[in-house]
Amino acid sequence: MRLLLIEDDPMIGRAARQGLGDAGFAVDWVMDGNAAERALANDVYDLAILDLGLPGQDGMTVLKGLRRSGNAVPVLIATARDAVSDRIAGLNAGADDYVLKPFDLDELIARVRALLRRHAGGASPLLECGGLVLDPVRKEVQLKGEPVSLSAREFALLEVLLRRPGAVLSREQLEDSVYGWTEEIGSNAIEVHLHNLRRKLGTQTIRNVRGVGYKVVAP
Ligand code: CA
C-alpha cells in the first residue's frame, strides 16, 4: 500500500513517515502544496495524508483541485486539535476523515487502515481469498488454518493482491504499491518476492498471467 504524506513540519513528517513505514506502508513525503499536486497527478496512491497549512498552495486548495480532477484517492486531513471549522471545511471539500495533530502514531495508522478498508468496500479487517487469510493489523497470514511466515515485502505484495482478488496487477503496479520513491529497487526484486510467495502459497493461489502480471485467486 502506497501513501502520500503531505506535511511541511519536518519533525512531524519524519515521525509519521517512520511510523507508517514500520507499519509496512510505502510512504512518499512532500513538504509543499505544489509538490503534492504534482505527485497526486503523476503517481497512483492508495491514500493521502494532507496537512492543511502548507507553503505553495494550502491543503484545502490541493484537496479541491484533486476532487475537481476526478481523483477519488482517500484523503485523511491532518488538523490542529482546536481547528474544528477546518475539519468541517475539509470534510465538505471531499476529505474522507481527519486526524488530529500532533499525531498519535498508533491512531494515525489505525485511521489509515480503517480508511483503506472502507475504500475497498470491506468492513472486515481480514483479507481473505479461498483458504488464504491475511490480517493487516497483526501482520499474520494463514493458509488453510496454518500460519505462513512471510518477509515484510512478501507480506506487502500479498496484501496488495488480496485487496483486489481476481484482478491482474502488472509488475509495475505491484512495484509502485510496495516501494516509495526513495527506495532502491533491484531490477528483478519484485519477481524474486513473487517467486517466494508462490513457493510458500502455491502457484495455484498466486497466478502468473504471462506478459500481463499477477493475480490472487481462490484455489
Ligand atoms: Ca503545516
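I began with Tyr98 and found Arg87 over the face of its ring, 4.9 Å from the ring centre. The criterion I applied is that NZ of Lys or CZ of Arg is within 6 Å of the ring centre and within 35 degrees of the ring normal. The charged end of Arg111 also sits over the ring of Tyr98, 5.9 Å from its centre.

I note the basis of these entries: the model is predicted, local features need pLDDT of at least 70, side-chain atom pairs count only at pLDDT 80 or more, and totals for chains, interfaces and linings use all residues. Residues are numbered from 1 along each chain as its sequence is written, and side-chain values use heavy atoms, with hydrogens and water left out.

Axes are lines fitted to C-alpha atoms, for helices over the stretch in contact, and angles run from 0 to 180 degrees between N-to-C directions.

I then followed strand 4 (residues 75-80), which pairs with strand 5 in the parallel sense over 5 bridges. Within strand 5, Val99 stands opposite Ala78. Contact here means heavy atoms within 4.5 Å.

On its other pairing, strand 4 joins strand 3 in the parallel sense over 4 bridges, and Leu76 in strand 4 is the bridge partner of Ile49. Strand 4 is mostly covered, with 5 of its 6 residues buried. Buried means under 20% relative accessible area, exposed over 50%, and partly exposed in between (1.4 Å probe, protein chains only).

**Entry: the calcium ion**

Which residues coordinate the calcium ion? I find Asp8 (OD), Asp51 (OD) and Gly53 (O), at 2.1 to 2.3 Å. Asp8 lies in the loop between strand 1 and helix 1 (10-22) and Asp51 in strand 3, so the pair ties together parts that are 43 residues apart in sequence. Donors are N, O and S atoms within 2.8 Å of the metal (3.2 Å for Na, K and Ca); water is not among the atoms, so sites may look incomplete. Asp8 is partly exposed, with a relative accessible area of 29%, whereas Asp51 is buried at 6%.

I turned to the open sheet of 4 strands in the order 6-7-8-9, whose pairing is antiparallel. Strand 6 (127-129) and strand 9 (146-148) stand at its edges with a single partner strand each, so one side of each has no neighbour in the sheet. Strand 7 (residues 132-135) and strand 8 (residues 140-143) run antiparallel and are joined by 4 bridges. In strand 8, Val141 is the bridge partner of Leu134. Helix 6 (residues 152-163) lies across strand 6, strand 7 and strand 8, running at about 110° to strand 7.

Conventions:
Two strands pair if DSSP finds at least two bridges between them. Helices (H or I, at least four residues) and strands (E, at least two) are DSSP runs, numbered from the N terminus.
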